[in-house]
Amino acid sequence: METEKIVTKREGYGVNISAGKPDSLRKVVTTFTTVRAYDGQHIGVAGQIGKADDSELYKKAEAALSRGVPYPCSLSSDKKQVDNIKKIIPAEDIVKASSSLLSRIEQAAPRFTASNKIELEYVEKEYTNSKGSHLKYAGNNLEVTLVFKDKKSANIHDFYYQHRGYNYNEDTIVSDCKMLADAFLNEVAEPEKKLPIAIDSGMVFARVISDLIPEVYCNGAGKFAGKIGQKLFSDRFTLSVDRKLANKDINVPFFDAEGTPDNGFKLVDGGILRGLLSNKRSAGMFNLPLSASASSDSFDSVPTYGLEGLHIGDTADKVTDIADSFIYVAITSGGDVSPDGTVGMPCQLCFLVENGKIVGRLPHRNLTANLFGLYGERYLGSAKNNLFKSNCGSLDIFG
């Protein structure tokens, strides 16, 4: 019998915001332990929240083998440790920092009230197995997610702002929020000429990512069935599981839930579909390379699939290197993708960008296009969203 163990520790500090003020502080410290046992054909899983008795968990996992859940045993002996803890805000100062930030935002955008939360999280994840593997990651990050409501509006909310990463600069966040507030109040007419569309990176493609799950693809379902090796998208389009790139902005371990280290696996390379999301079960079943995409629905479940590290490759340093005037889709919710790849997305909030600056709010619109066309001949590229001074992710640009 072979075994593996994963211990995940999370320490989070969340400041809830109501009516533009810190409302409460929530501190959550959790430890999850997962133990898996393998007999060469089957898997047994046991888990525990909080302090765990390893010997008892191993016994439970071994006993669970009798359930006959098929799963291959494919353990490695990798060893690596990464400490990605950064100096952001001391945990004890997060309420003070939040209060100062919100006070300045209220002065900069007095017509709006802010709500939602500011979160600081520390994560430590450790993987070991009976083959001698030992992987350990420690990291932290900050997320400022603010929802703004115009005091004169009947809407539940009007726009939102999100900054995440390892850096915190109060001045840039205040500046960004003021810019959005001013642009929201400045209603502008539809541009006379056709402009490119910009949307948060992956927002469109995420709607079809389940079609890259092996059980879907290999059973002939989904929009990509039978198309591995075919050129489906633009030469500029690359989709990879790359935790090294992802963890520049967010707190992502370098290995997945099965202890597979990141290898920069490319699902789409230069527009050509090269591979699928995979875990050890699907890799063995369908003769696929591992993409380091294993995840767990819970601490005591059989591995499934996750999107950690999934990343559309940037084609430029900043979005204004691709286009300096475009329509920026700030909020989209709802919509769907038809079997032939036709995308329908209602865009509830759009801004006009001219010469690299957000200048005003445009009327609502619907985005309707074919997925293969959007990331094909209409795909101009992806790059950092430098419309903002702080880290607000990347944008995909379509012509």
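View A. Strand β1 (residues 2–18) pairs with strand β2 (residues 21–38) in the antiparallel sense over 17 bridges. The model is predicted: local features need pLDDT of at least 70 and side-chain atom pairs count only at pLDDT 80 or more, while totals for chains, interfaces and linings use all residues. Residues are numbered from 1 along each chain as its sequence is written, and side-chain values use heavy atoms, with hydrogens and water left out. Strands are DSSP runs of E of at least two residues, helices are runs of H or I of at least four, and both are numbered from the N terminus; two strands pair if DSSP finds at least two bridges between them. Opposite G14 stands R26 in β2. Two residues separate the strands in the hairpin of β1 and β2, where A19 takes a positive phi near 55°. β2 also pairs with strand β3 (residues 43–49), again in the antiparallel sense, over seven bridges. There, T33 stands opposite Q48 in β3. The hairpin of β2 and β3 has four residues between the strands, and G40 takes a positive phi near 100°.

**View B. An open sheet of four strands.** The strand order is β11-β10-β9-β14, and the pairing is antiparallel. β11 (272–273) and β14 (310–312) each have a single partner strand and stand at the edges, so one side of each is left without a neighbour in the sheet. Strand β9 (residues 239–241) is joined to β14 by three bridges.

View C. The 16 residues of helix α3 (residues 170–185) should span 22 Å at 1.5 Å a residue, and its end C-alpha atoms are 23 Å apart, which agrees; the expected span is 1.5 Å times one less than the number of residues.

View D. A pocket is an open set of points on a 1 Å grid over the protein atoms alone, with protein on both sides within 12 Å along at least five of seven lines; a cavity is a set where a 1.4 Å probe fits but cannot get out, and lining residues have an atom within 4 Å of a point. Grid points are joined across faces, edges and corners, and a volume is the space filled by probe spheres set on the points. The lining of the second largest pocket includes H157, D158, F184, Q348, R361 and H364. At least two lining residues come from each of β17 and β18.

**View E. The largest cavity.** The search of the whole structure finds one cavity of 30 Å³ or more. Its lining consists of I89, I94, A97, S98, L101, I118 and Y168. Helix α2 (residues 94–108) gives the largest share, four residues.

View F. A292, in the loop between α6 (280–286) and β12 (294–295), has phi near 60° and is buried, with a relative accessible area of 1%. N355, in the loop between β17 and β18, has phi near 50° and is exposed, with a relative accessible area of 62%.

Key:
Buried < 20%, exposed > 50% of the residue type's maximum accessible area, 1.4 Å probe, protein only.
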